[in-house]
Amino acid sequence: MKFAIVLFALFAVAVAAPVAPEAEIVELKSDVGPESYSYGLKTSDGTSKQEEGQLKNAGTEQEGIAVKGSFSFVADDGQTYTVNYIADENGFQPQGAHLPVAPEA
């Protein structure tokens, strides 16, 4: 019986929890080609993302995609955070004022 009461209480809390409104896309651009792409996205909640990628070393064993972009979002504290990044043969490399920076070797 106690299990049923606890389960009912948890269900009531879940139902009463506020639901965030869904964001709507307010702007979308994309351009996709055989060796490159780019896109941009903005939503009604203040989120945005831009990215472009390009095929490097096509047809070789070192073939890969080099990507650069950024994204921004409004956090629960009301602050807008932005991350700029590149991703290539050296891995994912994010930068942002709110991100920690590794000490120099």
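In which strand is threonine 43 found? The legends below, prepared for a predicted model, take up this residue after an overview of the chain.

**Figure 1. Overview of the protein chain in the predicted model.** The chain contains one helix and six strands. Their order along the sequence is α-β-β-β-β-β-β. Of the 105 residues, 10% are buried. Contacts between residues at least 6 apart in sequence include a 10% share that joins residues at least 24 apart. The accessible surface amounts to about 8700 Å², and carbon and sulfur atoms account for 59% of that area.

Figure 2. The six strands are arranged in an open sheet with the order E1-E2-E3-E4-E5-E6, and their pairing is antiparallel. Strand E1 (25-32) and E6 each have a single partner strand, so one side of each lacks a neighbour in the sheet. From one strand to the next, the twist averages 10°.

**Figure 3. Threonine 43 in its strand.** Threonine 43 is found in strand E2, which answers the opening question. Its relative accessible area is 16%; the residue therefore counts as buried, the cut-off being under 20%. When residues up to four places away in sequence are not counted, threonine 43 touches Ala23, Glu24, Ile25 and Val26.

Figure 4. With a relative accessible area of 26%, tyrosine 39 is partly exposed.

Figure 5. E3 and E4 run antiparallel and are joined by nine bridges. Within this pairing, serine 48 has serine 72 in E4 as its bridge partner. The loop between strand E3 (48-56) and strand E4 (64-74) contains asparagine 57. The phi angle of asparagine 57 is near 55°, a positive value in a residue other than glycine. At a relative accessible area of 46%, asparagine 57 is partly exposed.

Figure 6. Serine 70 lies in strand E4. This residue is buried, with a relative accessible area of 13%. Apart from neighbours within four places in sequence, serine 70 is in contact with Ser48, Lys49, Gln50, Val83, Asn84 and Tyr85. One of these contacts, asparagine 84, is also the bridge partner of serine 70 in E5. Eight bridges connect E4 with strand E5 (residues 80-88), and the two strands run antiparallel. Together E4 and E5 form a hairpin with five residues between them, and glycine 78 in the turn has a positive phi of about 85°.

**Figure 7. The hairpin of E5 and E6.** E5 pairs with strand E6 (residues 91-95) in the antiparallel sense, over five bridges. Two residues lie between E5 and E6 in this hairpin. Tyrosine 85 stands opposite proline 94 in E6. As an edge strand, E6 has a single partner strand.

Figure 8. A pair of aromatic rings is described by the distance of the centres and the angle of the planes. How many aromatic pairs are counted? The count comes to five aromatic pairs. One of them joins phenylalanine 71 and phenylalanine 73, with 6.4 Å from centre to centre and 20° between the planes, and it is stacked. The angle falls in the stacked class because that class takes planes under 30 degrees apart. Phenylalanine 71 is partly exposed at 27% relative accessibility, and phenylalanine 73 is likewise partly exposed at 30%. One aromatic cluster is formed by Phe71, Phe73, Tyr81, Tyr85 and Phe92. Among its members, Tyr85 is also the residue that stands opposite proline 94 in E6 and a contact of serine 70.

Technical notes. Residues are numbered from 1 along each chain as its sequence is written. This is a predicted model: local features need pLDDT of at least 70, side-chain atom pairs count only at pLDDT 80 or more; totals for chains, interfaces and linings use all residues. Side-chain values use heavy atoms; hydrogens and water are left out. Helices (H or I, at least four residues) and strands (E, at least two) are DSSP runs, numbered from the N terminus. Buried means under 20% relative accessible area, exposed over 50%, partly exposed in between (1.4 Å probe, protein chains only). Contact means heavy atoms within 4.5 Å. Accessible areas come from the Shrake-Rupley method with a 1.4 Å probe; for residues, only the protein chains shown count as cover. Two strands pair if DSSP finds at least two bridges between them. Rings of Phe, Tyr and Trp (its six-membered ring) pair if their centres lie within 6.5 Å; planes under 30 degrees apart count as stacked, over 60 as edge-to-face and the rest as tilted. Axes are lines fitted to C-alpha atoms, for helices over the stretch in contact, and angles run from 0 to 180 degrees between N-to-C directions.
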